[in-house]
Amino acid sequence: LQFLIRVDDIGQNCEVALHFVAPTPADKDCFAVAPGETFNETIAVYAGQGASLSEVLISAPEGTNKFGIQGNPPNQFVNIVWTPASEQRRPRVLCFSALDNNGYGEGATQSSCANFS
């Protein structure tokens with residue numbers, strides 16, 4: 001059995017690496033959203049010294065809108081908006097992770113998920 005591990009120097013220490021900050025929902029948060037009610041949430045990210053947010057990846061219920069990156073590095077954010085239709089009554093999940101302009105963020109920002117009921 002053999003495997004290869006690639007280790008890249010990203011020029012940042014762990015204390016300033018890409019991570020989620022308030023008001024981003026905490027992992028496993030739960031939100032009650034009724035059909036026809038609009039859910040608005042901000043996913044905020046601290047990118048670290050010399051880096052910027054390049055993407056927030058989401059896995060979300062159908063009809064969720066994610067708006068472009070706003071703010072100035074290293075503090076940036078995206079807004080998420082979802083208005084569930086009546087056929088979307090069962091529990092749903094929103095998961096998200098982030099990438100920085102170096103492409104290293106996804107590993108540094110483990111996916112976080114919020115539940116809708």
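# Briefing on a predicted single-chain model

Glutamine 70 lies in strand E6 (residues 70-72); helices (H or I, at least four residues) and strands (E, at least two) are DSSP runs, numbered from the N terminus. This is a predicted model, in which local features need pLDDT of at least 70 and side-chain atom pairs count only at pLDDT 80 or more, while totals for chains, interfaces and linings use all residues. Residues are numbered from 1 along each chain as its sequence is written, and side-chain values use heavy atoms, with hydrogens and water left out.

**Glutamine 70**

- Glutamine 70 counts as partly exposed because its relative accessibility is 33%; buried means under 20% relative accessible area, exposed over 50%, and partly exposed in between (1.4 Å probe, protein chains only).
- Apart from neighbours within four places in sequence, glutamine 70 is in contact (heavy atoms within 4.5 Å) with Gln76, Phe77 and Asn79.
- Between the C-alpha atoms of glutamine 70 and alanine 44 the separation is 9.5 Å, and the two residues are 26 residues apart along the chain.

**The chain as a whole**

- The chain contains 1 helix and 9 strands.
- Read from the N terminus, the order of these elements is β-β-β-β-β-β-β-β-α-β.
- Of the 117 residues in the chain, 33% are buried.

**The salt bridge**

- The structure holds 1 salt bridge, a term for a side-chain nitrogen of Lys or Arg within 4 Å of a carboxyl oxygen of Asp or Glu.
- Its partners are the side chains of glutamate 55 and lysine 66, at 2.6 Å from N to O.
- This pair links distant parts of the chain, 11 residues apart, with glutamate 55 in strand E4 (residues 53-59) and lysine 66 in strand E5 (residues 65-66).
- Glutamate 55 is partly exposed at 30% relative accessibility, and lysine 66 is partly exposed with a relative accessible area of 34%.

**Nonpolar core and aromatic rings**

- A nonpolar core is a set of buried Ala, Val, Leu, Ile, Met, Phe, Trp, Tyr and Cys residues joined through side-chain atoms within 4.5 Å.
- The largest such core has 16 residues, of which Ile43, Val56, Leu94, Ala98 and Phe116 touch the most other members.
- Two or more residues of this core come from each of strand E3 (39-46), E4, strand E7 (75-82) and strand E8 (92-100).
- There are 5 aromatic pairs in the structure; rings of Phe, Tyr and Trp (its six-membered ring) pair if their centres lie within 6.5 Å, and planes under 30 degrees apart count as stacked, over 60 as edge-to-face and the rest as tilted.
- The rings of phenylalanine 39 and phenylalanine 116 form an edge-to-face pair, because their planes stand at 85 degrees, with the centres 4.8 Å apart.
- Phenylalanine 39 lies in strand E3 and phenylalanine 116 in strand E9, so this pair ties together parts that are 77 residues apart in sequence.
- Both phenylalanine 39 and phenylalanine 116 are buried.
- Phe31, Phe39, Trp82 and Phe116 are linked into a cluster by ring pairs.

**Serine 112**

- Serine 112 belongs to strand E9 (residues 112-116) and counts as buried at 6% relative accessibility.
- Not counting residues up to four places away in sequence, serine 112 touches Pro25, Ala26, Asp27, Leu94, Cys95 and Phe96.
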